[in-house]
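Thanks for coming, everyone. Please have the sequence and the structure up on your screens. I'll go through it piece by piece.

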Amino acid sequence: MLMWPFDSKKKTMDKAARSCYFSVKETTEGNEFKEFVNKLKEVLSNTSREIIFLCVGSDRSTGDSLGPLVGTMLKEMDLPFLVYGTLEKPVHALNINKILKEIKQTHNHPFILGIDACLGDERQIGFIFLKEGSLIPGIAVNKKLPHVGEYHMKAVVNYLDPLSPVQSLNNTRLFTVMTIAEVMTKIITQAVLGEGSNSNNPVEKLSR
């Protein structure tokens, strides 16, 4: 049964079929990883529009730094697509409207894939989700931010404390975030450049 930590509504079978997930507790050499890579490759190859990876988050919070970390790693891989949101130039709540306006003015109706961290059940920590539909950043901490993109990737970095979700993000282990960021980067790199294109081997297992 698919569990979506960022959306509690019941999913239809059709919606679930357009979504997939992978746990970084599993090996990146297995079929589940390859299926995730192939799904992302299919999504990216099915559009003729300019592709942009929009990595949302802040380096001032450990849990929320997933997006900027992935953006930085993608930049280092020199992909043929534009990347917004890095540790040097993060895209966060205070500037996301400005960045989206800049993208709209600079690019002609691009295909945006949003990347962000999320909170969920403790058993879901380390799960990466690829889902059709817009990214809704800040939903776990009750921030009203603009919806972003046509597809998005989210990863559960920590459990959701309903009384203090911000504290859950701030108390997230950096090791967990780095592990997830490395795996997400490997997924994207292999989907874009092909098998064996990522020379950096991510940590295969999260410590418990």
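**Inside and outside**

Met 73 is buried, with a relative accessible area of 15%. Buried means under 20% relative accessible area, exposed means over 50%, and partly exposed is in between, with a 1.4 Å probe and protein chains only. Before I go on: this is a predicted model, so local features need pLDDT of at least 70, side-chain atom pairs count only at pLDDT 80 or more, and totals for chains, interfaces and linings use all residues. Residues are numbered from 1 along each chain as its sequence is written, and side-chain values use heavy atoms, with hydrogens and water left out.

Back to Met 73. You'll find Met 73 in helix H3. Helices here are DSSP runs of H or I with at least four residues, strands are runs of E with at least two, and both are numbered from the N terminus. Met 73 and Met 184 are 111 residues apart in sequence, yet their C-alpha atoms are 9.6 Å apart in space.

Now the core. In soluble globular proteins, nonpolar side chains tend to be buried together. A nonpolar core is a set of buried Ala, Val, Leu, Ile, Met, Phe, Trp, Tyr and Cys residues joined through side-chain atoms within 4.5 Å. The largest one here has 40 residues. Phe 53, Leu 66, Ile 115, Ile 128 and Met 153 have the most contacts inside it. Elements giving two or more residues to this core include S1, H2, H3 and strand S2 (51-55). Which element gives the largest share? That is H6, with eight residues.

Next, the rings. The structure holds five aromatic pairs. Rings of Phe, Tyr and Trp (its six-membered ring) pair if their centres lie within 6.5 Å; planes under 30 degrees apart are stacked, over 60 edge-to-face, and the rest tilted. Tyr 21 and Phe 127 have ring centres 5.6 Å apart and planes at 35 degrees, so this pair is tilted. Tyr 21 is in strand S1 (residues 20-23) and Phe 127 in strand S5 (residues 127-132), so the pair ties together parts 106 residues apart in sequence. Tyr 21 is partly exposed, at 38% relative accessibility. Another pair, Phe 22 with Phe 33, is edge-to-face: 5.4 Å between centres, 70 degrees between planes. Phe 22 sits in strand S1 and Phe 33 in helix H2, 11 residues apart. Both Phe 22 and Phe 33 are buried.

The charged end of Lys 186 sits over the Phe 33 ring, 5.7 Å from its centre. The cut-offs for that: NZ of Lys or CZ of Arg within 6 Å of the ring centre and within 35 degrees of the ring normal.

Phe 33 and Lys 186 also line the largest cavity, among other residues. A cavity is a set of points on a 1 Å grid over the protein atoms alone where a 1.4 Å probe fits but cannot get out; lining residues have an atom within 4 Å of a point. The search finds one cavity of 30 Å³ or more. The volume of the largest is about 40 Å³. Helix H2 (31-45) and helix H6 (174-193) each supply at least two lining residues.

Last, two loop residues. Asp 78 has a positive phi, near 55 degrees. Asp 78 lies in the loop between helix H3 (66-77) and strand S3 (82-84). His 109 has a positive phi as well, near 50 degrees. Buried or exposed, at 53% relative accessibility? His 109 counts as exposed.

Notes:
1 Å grid on protein atoms, 1.4 Å probe; cavity = no way out; pocket = protein on both sides within 12 Å on 5 of 7 lines; lining within 4 Å. Points joined across faces, edges and corners; volume = space filled by probe spheres on them.
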